[in-house]
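Subject: Structure for you to look at

Hello,

Here is the structure I said I would pass on. Please open it first, then read my notes below with the model beside you.

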Amino acid sequence: MSNQRETNKIDVYLIHSAEERSYANTLKERLESYDLTVVTEEDTEPGKYHVQGVSSFVQSCSKCLVVLSESSHDSAWCTLELLLALEKSHRLSTMSVVVLRVLGSTKWHFQLVRHIEIFKEIFSF
């Protein structure tokens with residue numbers, strides 16, 4: 001995704017740990033194949049204060065998709081992103097957080113298909 005894209009056109013902000021980057025990139029590509037605009041923290045504008053960029057993505061997206069894994073439990077950055085997303089849901093009284101639980105790194109290929117189906121139901125596309 002281009003860093004120049006306007007934040008108000010974001011369908012999904014994808015929260016993941018560094019250890020789940022491969023899974024997250026595959027998931028992002030699959031969601032984009034359904035014409036959804038998906039961004040991650042890696043899409044923040046270079047030179048921009050990183051927390052401000054992430055906060056802007058979270059506030060502008062339709063849904064935050066959290067890849068929950070053992071490594072995300074230990075990540076302060078994932079915790080911050082999740083707190084921002086939960087605060088938004090609470091403030092707007094709407095469900096804007098979707099959680100995907102990744103059980104183990106060897107199983108994620110098989111889980112991805114089911115995750116996409118569940119996400120399609122949530123977005124109704």
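Apart from its neighbours within four places in sequence, H16 is in contact with R21, A24, T40, E42, V67 and C78. Please keep in mind throughout that this is a predicted model. H16 itself sits in the loop that runs between strand 1 (12-15) and helix 1 (21-32). Is H16 buried or exposed? Its relative accessible area is 3%, and buried means under 20%, so H16 is buried. One of the residues in the contact list, E42, also makes a polar contact with H16: their side chains are joined at 3.5 Å.

Salt bridges

How many salt bridges does the structure hold? There are three. As background, side chains of opposite charge can pair when their charged atoms come close.

The pair to look at next is E42 and R21, whose side chains meet in a salt bridge with N to O at 2.9 Å. This pair links distant parts of the chain, since E42 is in the loop between strand 2 and helix 2 and R21 is in helix 1, 21 residues apart. E42 has a relative accessibility of 35% and counts as partly exposed. R21 is also partly exposed, with a relative accessible area of 35%. Recall that E42 and R21 are both among the contacts of H16.

Another salt bridge is formed by K28 and D43, with the closest N and O atoms 2.9 Å apart. K28 lies in helix 1 and D43 in the loop between strand 2 and helix 2, so this pair ties together parts that are 15 residues apart in sequence. Both K28 and D43 are buried.

The remaining salt bridge is between the side chains of E87 and R91, at 2.9 Å from N to O. Where do E87 and R91 lie? Both are in helix 4 (residues 76-92), four residues apart, which is about one turn of the helix. E87 counts as partly exposed at 37% relative accessibility, and R91 is partly exposed with a relative accessible area of 43%.

The aromatic pair

The count of aromatic pairs comes to one. It is made by Y13 and F57: the centres of their rings are 6.0 Å apart and the planes stand at 35°, so the pair is tilted. The cut-offs explain that label, because planes under 30 degrees apart would count as stacked and those over 60 as edge-to-face. Y13 belongs to strand 1 and F57 to helix 2 (residues 50-60), so the pair ties together parts that are 44 residues apart in sequence. Y13 has 0% relative accessibility and counts as buried. F57, at 6%, counts as buried too.

Helix 2

F57 is one of the buried residues of helix 2, which are G53, V54, F57 and V58. What covers them includes strand 1, strand 2, strand 3 and helix 4.

You can find C64 opposite V97 in strand 4.

S96

S96 is buried, with a relative accessible area of 2%. S96 and K63 are 33 residues apart in sequence, while their C-alpha atoms are 4.6 Å apart in space. Leaving aside its neighbours within four places in sequence, S96 is in contact with S62, K63, C64, A85, K88 and S89. C64 in that list is the residue that stands opposite V97 in the sheet.

Regards

Methods. Residues numbered from 1 in each chain as written. Predicted model: local features only at pLDDT ≥ 70, side-chain atom pairs only at ≥ 80, totals over all residues. Heavy atoms only, no water. Pairing = 2+ DSSP bridges. Helix = DSSP H or I, 4+ residues; strand = E, 2+ residues; numbered from the N terminus. Buried < 20%, exposed > 50% of the residue type's maximum accessible area, 1.4 Å probe, protein only. Polar contact = N/O pair within 3.5 Å; in protein donor to acceptor, adjacent residues only side chain to side chain. Contact = heavy atoms within 4.5 Å. Phe/Tyr/Trp six-rings, centres within 6.5 Å; stacked < 30°, edge-to-face > 60°. Salt bridge = Lys/Arg side-chain N within 4 Å of Asp/Glu carboxyl O.
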